[in-house]
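Thanks for coming. I will go through one protein model this morning, from its surface to its fold and its core. Please have it open while I talk.

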Amino acid sequence: MARLKAEMDSYKENAERKLFLWKDEETDNIVALVGIELSDTMILVRHLAVSPSFRKEGIVYSLLNGLQKQYPAHSISGTIETAQFIAKWSQKQKEENDEGMSG
C-alpha cells in the first residue's frame, strides 16, 4: 500500500506525469487507467490497468489511440511492465496503416 501511495503522490507532484481514466459508457464507472510520463518528444506509459471484467474489449488500444491523438507529435513507449501492450498496439497500428494504403 505504501508503494501505491508513493506512486499516486508522484502523479500529483510531478507535472510531467499524468493519469487518464476510462469510463464505461453504460455504467459511468471507471474501468481503466493509464499513467504516463511526458517529455518533449515521448510518452512513457508507466501504468496501464483495466478492470478484469472489461478486459478483451480493446480498451487498451482505445486508451493508446487516445494518447496518440492527444499528443500526435510524441512517440509512445513503455516500461518493462507495459512494453508488451505498446508493442501489440504498435503492430496493430502498422497493420491498419498497411491495410489503408493497399485498400
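One term before anything else: a residue is buried under 20% relative accessible area, exposed over 50%, and partly exposed in between, with a 1.4 Å probe and protein chains only. The model is a predicted one, where local features need pLDDT of at least 70 and side-chain atom pairs count only at pLDDT 80 or more, while totals for chains, interfaces and linings use all residues. Residues are numbered from 1 along each chain as its sequence is written, and side-chain values use heavy atoms, with hydrogens and water left out.

Asp28 is partly exposed, with a relative accessible area of 49%. It sits in the loop between β1 and β2. Most residues other than glycine have a negative phi. Asp28 is not a glycine, yet its phi is positive, about 65 degrees. Lys56 also has a positive phi, about 70 degrees, without being a glycine. Lys56 belongs to the loop between β3 and α2, and counts as exposed at 86% relative accessibility.

Now the fold. Helices (H or I, at least four residues) and strands (E, at least two) are DSSP runs, numbered from the N terminus. There are three helices and four strands, and from the N terminus on they run α-β-β-β-α-β-α.

In what order do the four strands lie in the sheet? The order is β1-β2-β3-β4, in an open sheet with mixed pairing. Two strands pair if DSSP finds at least two bridges between them. β1 (17–23) and β4 (75–78) are the edge strands with a single partner each, so one side of each has no neighbour in the sheet. From one strand to the next, the twist averages 30 degrees. β1 and β2 run antiparallel and are joined by seven bridges; Lys18, for one, has Ile36 in β2 as its bridge partner.

Helix α1, residues 2–13, packs on the sheet and touches β1, β2 and β3, and its direction makes about 105 degrees with that of β1. Touching, or contact, means heavy atoms within 4.5 Å. The axes are lines fitted to C-alpha atoms, for helices over the stretch in contact, and angles run from 0 to 180 degrees between N-to-C directions.

Thr41 is in the loop between β2 and β3. Its relative accessible area is 54%, which makes it exposed. Leaving aside neighbours within four places in sequence, Thr41 is in contact with Ala73, His74 and Ser75.

Last, the core. A nonpolar core is a set of buried Ala, Val, Leu, Ile, Met, Phe, Trp, Tyr and Cys residues joined through side-chain atoms within 4.5 Å. The largest one has 19 residues, and those touching the most other members are Ile36, Ile43, Val45, Leu64, Leu67 and Ile76. At least two residues of this core come from each of β2 (30–38), β3 (42–50), α2 (59–70) and α3 (83–102).

Which residues does Leu67 touch, not counting those up to four places away in sequence? They are Phe20, Val34, Ile36, Ile43, Val45 and Ile76.
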